[in-house]
Amino acid sequence: MTKPFESTQPADSPRPLRILLADDHAIVRDGLKQLLADKFPHAVFGEAGNAQQALDLLDNATWDVMLLDLAMPGRGGLDVLNQLKNIQPTTKVLVLTMHPVDQYAVRVLKSGASGYLTKESASEEVVAAVPGVNG
């Protein structure tokens, strides 16, 4: 588990967007962080490689948006999504998964996710979805 990464930001700026990346593949988290940092240069990032790390970060900090993979070791993303409601009900969740839309989308949206994208989505779609689920 890594601690939140904070970009430098002027003191008089509004509070930065806080983004939690939960995916069991470090290269995916690194790529998402780089992609999102280009669009949101003052964002604060947290990273979790499994469900327990994600829940620990949710317990210890407030997040605006969480990008959540469904297939992680141990408890999966659906468990995290269900527990998130009790821990931080205002955190918006964008599910980013390898599973096709017809397999899980309705289920995760009914469980409280704000959006659903597959990992086949274009980078621009992911970047555009973050403020969309947060707004």
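Tutor: Helices (H or I, at least four residues) and strands (E, at least two) are DSSP runs, numbered from the N terminus. Before we use that, note the source. This is a predicted model, in which local features need pLDDT of at least 70 and side-chain atom pairs count only at pLDDT 80 or more, while totals for chains, interfaces and linings use all residues. Residues are numbered from 1 along each chain as its sequence is written, and side-chain values use heavy atoms, with hydrogens and water left out.

Student: How many helices and strands does the protein have?

Tutor: Five helices and six strands. Read from the N terminus, the order is β-β-α-β-α-β-α-β-α-β-α.

Student: At what angle do the axes of helix 2 and helix 3 cross?

Tutor: Axes are lines fitted to C-alpha atoms, for helices over the stretch in contact, and angles run from 0 to 180 degrees between N-to-C directions. Here helix 2 (residues 51–60) and helix 3 (residues 77–87) cross at roughly 15°, and their axes come within 11 Å. Helix 2 and helix 3 are therefore roughly parallel to each other.

Student: Is the crossing of helix 2 and helix 3 left-handed or right-handed?

Tutor: The rule: left-handed if the near helix is turned anticlockwise from the far one by less than a right angle, right-handed if clockwise. This crossing is right-handed.

Student: Which residues of helix 2 and helix 3 make the contact?

Tutor: Contact means heavy atoms within 4.5 Å. Helix 2 brings Ala51, Ala54, Leu55, Leu58 and Asp59, and helix 3 brings Val80, Gln83, Leu84 and Ile87. For classes, Ala, Val, Leu, Ile, Met, Phe, Trp, Tyr, Cys and Pro count as nonpolar, Asp, Glu, Lys and Arg as charged, and the others, Gly among them, as polar. The contact of helix 2 with helix 3 has seven nonpolar residues, one polar and one charged.

Student: Is Leu55 buried or exposed?

Tutor: Buried means under 20% relative accessible area, exposed over 50%, and partly exposed in between (1.4 Å probe, protein chains only). Leu55 has a relative accessible area of 4%, so Leu55 is buried. Leaving aside neighbours within four places in sequence, Leu55 contacts Arg75, Val80, Gln83 and Ile87.

Student: And what is the relative accessibility of Leu84?

Tutor: It is 3%, so Leu84 counts as buried. Leu84 lies in helix 3.

Student: How far apart are the axes of helix 1 and helix 5?

Tutor: They are 10 Å apart; helix 1 (residues 26–39) and helix 5 (residues 123–134) pack at an angle of about 60°. That makes helix 1 oblique to helix 5. The crossing is right-handed. Leu32, Leu35, Leu36 and Lys39 of helix 1 meet Ser123, Val126, Val127 and Val130 of helix 5. By class, the contact of helix 1 with helix 5 has six nonpolar residues, one polar and one charged.

Student: Where is Met98 found?

Tutor: Met98 sits in the loop between strand 5 (92–97) and helix 4 (101–110). Its relative accessible area is 57%, so Met98 is exposed. Not counting residues up to four places away in sequence, Met98 touches Ala71 and Lys119.

Student: Which loop holds Pro14?

Tutor: The loop between strand 1 (2–6) and strand 2 (18–22). Pro14 is exposed, with a relative accessible area of 66%. Pro14 and His42 are 28 residues apart in sequence and 9.8 Å apart in space, C-alpha to C-alpha.

Student: What share of the residues in the protein is buried?

Tutor: Buried residues make up 47% of the 135 residues. For contacts with a separation of 6 or more, residues 24 or more positions apart account for 65%.

Terms used
Parallel < 35°, antiparallel > 145°, perpendicular 65-115°, else oblique.
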